[in-house]
Amino acid sequence: MTSITQNEVQADRCGNPPSSMFIGGTWTAAAGGETMESIDPSNGLAWTRVPAADGTDVDRAVASATEAMAGEWGATPGPRRAHLLNRLADLVDRDADRLAAIETRDNGKLIRETRPVMGQVSAWLRYYAGAADKLAGQTLPTGDPNYLVYTTREPVGVVAAIVPFNSPVMITTMKVAPALAAGCAVVVKTADQTPTSTLLLAELVEEAGFPPGAFNVLTGPGATVGDALARHPGVAKVSFTGSTAVGTHVMKAAAEHVAPVTLELGGKSPNIVFADADLDAAINGVVGGIFASTGQMCIAGGRLLVQEEIHDELVERLRVRAASIRLGDPQDPASEMGPLVSEAQLEKVLALVASGVAEGATLVTGGKRAAPAAVPDGYFVEPTIFAGVQPDMQLAREEVFGPVLAVVPFRDEEHAIELGNDTVFGLAGGVWTKDVQRAHRMARRLRCGVVWINCYRNTSPHVPFGGMQQSGFGRENGPDAILDYTQVKSVWLELSGATRDPLTVPRG
Ligand code: NAD
């Protein structure tokens, strides 16, 4: 491991990155004094160091959040919460360049991707700011005039937000914006590889003026800190985004204290191209769906289902396009594909490529580690396409989380549905066709949480997002997501003042 000093020059572009955790409104080291490095995936060098929290820090963070709920934050009314979220949105817009530079440094995602993403984060904050003062109960007509019955919506309590490495600030915001709008206090656990951009978000939360303890950030290993947080009895809800394997574990941990969970998990989404599609548009959608973010997207269209008539033409055009993608320094706006997040991820992707070769799929292009001239030591892999992938091959079934496309031919609509739904996942699907009736039939029959027709990868704060089957449950975004951070209380008030027979059933 090379020292941080050798890497200092590039760190300048990110300013002085935050390197403490944010607990109870103060910046703090880990209780045990341990730290851990964040590695820049474009060169394999440590570029900054953050606290490695332990169970004591988890206790501190949950206690701070609990105190905030019982104190100033819990007493903060909806319009004031809305004001704070709008103020945070302004600050995120102000510092979007720095947030993007830091996130690119942590996870290697291209600056041409992180910068527009940071420009959109404020839209989520403003959307849920708009909801913060509109949470209302109901007055219920039970039929008995002797009772006034109404409901209130209360914040669920302390929320644990456990997030993955691939888009830390945006994914954190998808959880934190509705949770704070609802009046919950939040403890964020950053991904092991990507602590720093979320710490910068915490600086902005502090500057916005949120009361201490409303928003806390823990950095540290998932297996210890994430686990301790998910099973902490002070946590009232766990909102998790990550792999299906860890999500299953988190669900069991939360079950120990009967905390509800929202799980946004992995996928193996089909991108389905019919012979009548606009092929130029489809190729763009397929390329963006698997090579953007170096394929490290939960919604990656990793399975390309192509109607037989256009199979050879489409594969050839994709081969040419994939081979022309410029790999390079993710901080360089001219680069078109960055590195994978870590050496471990690189090894996993190369192992899945080897499995494709071993199982008899045809390697059309790519498949090897790459070494771009400017950043030869980064965790780069070539944009890779396999044709002739059979539905039972590992490449057709497992999430790669890398730039590897598995092409599977289909005969007709029925066959496309059969192949498209032949997965344990159910996050997303793409359909490319000019036949509007077929488009809607496909949307109805694909078993997944989002279907894009003649587009791919669109998200918005207005539109619910989430998976079916082993891609998880619960929905983020959209008007109802805030309700997941509330609970309903029913209140019965006797109006007549009459004394009743205690041994009969009271009616409403
Ligand atoms: P991961 O499951 O390895 O880690 C996710 C988070 O869980 C991290 O913060 C990690 O530190 C923590 N963690 C690890 N072990 C834990 C444990 N035992 N208990 C509690 N927490 C623990 O996922 P990743 O590699 O960071 O991200 C990639 C995965 O995330 C992919 O499977 C991808 O599909 C998924 N993802 C899903 C969505 C979605 O919205 N559905 C979005 C982005 C990523």
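Tutor: Let's start with H5 and H6, which are roughly parallel to each other (angles under 35 degrees count as roughly parallel, over 145 as roughly antiparallel, 65 to 115 as roughly perpendicular and the rest as oblique). This is a predicted model, where local features need pLDDT of at least 70 and side-chain atom pairs count only at pLDDT 80 or more, while totals for chains, interfaces and linings use all residues. Residues are numbered from 1 along each chain as its sequence is written, and side-chain values use heavy atoms, with hydrogens and water left out.

Helix H5 covers residues 111-132 and helix H6 residues 168-182; they pack at about 15°, with axes 8 Å apart. Axes here are lines fitted to C-alpha atoms, for helices over the stretch in contact, and angles run from 0 to 180 degrees between N-to-C directions. As for the labels, helices (H or I, at least four residues) and strands (E, at least two) are DSSP runs numbered from the N terminus. On the H5 side, the contact (heavy atoms within 4.5 Å) includes Val 117, Trp 124 and Tyr 128, and on the H6 side it includes Met 170, Met 174 and Pro 178. Sort the residues of this contact by class and you get 13 nonpolar, two polar and no charged. Nonpolar means Ala, Val, Leu, Ile, Met, Phe, Trp, Tyr, Cys and Pro; charged means Asp, Glu, Lys and Arg; the others, Gly among them, are polar.

H5 also meets helix H4 (residues 96-107): their axes come within 8 Å and cross at roughly 140°. That angle makes H4 and H5 oblique to each other. Among the residues meeting there are Leu 99 and Glu 103 in H4, and Ile 111 and Arg 115 in H5. This contact has six nonpolar, two polar and three charged residues.

Now for some buried spots. In helix H8 (residues 222-230), Val 225, Gly 226, Asp 227, Leu 229 and Ala 230 are buried (under 20% relative accessible area; exposed is over 50%, partly exposed in between, with a 1.4 Å probe and protein chains only). Those buried residues pack against several elements, including helix H2 (55-70) and strand E8 (215-218).

Ile 23 sits in strand E1 (residues 21-23) and counts as buried because its relative accessibility is 4%. Leaving out residues up to four places away in sequence, Ile 23 touches Asp 57, Arg 60 and Val 217, among others. Ile 23 and Val 187 are 164 residues apart in sequence, yet 8.5 Å apart in space, C-alpha to C-alpha.
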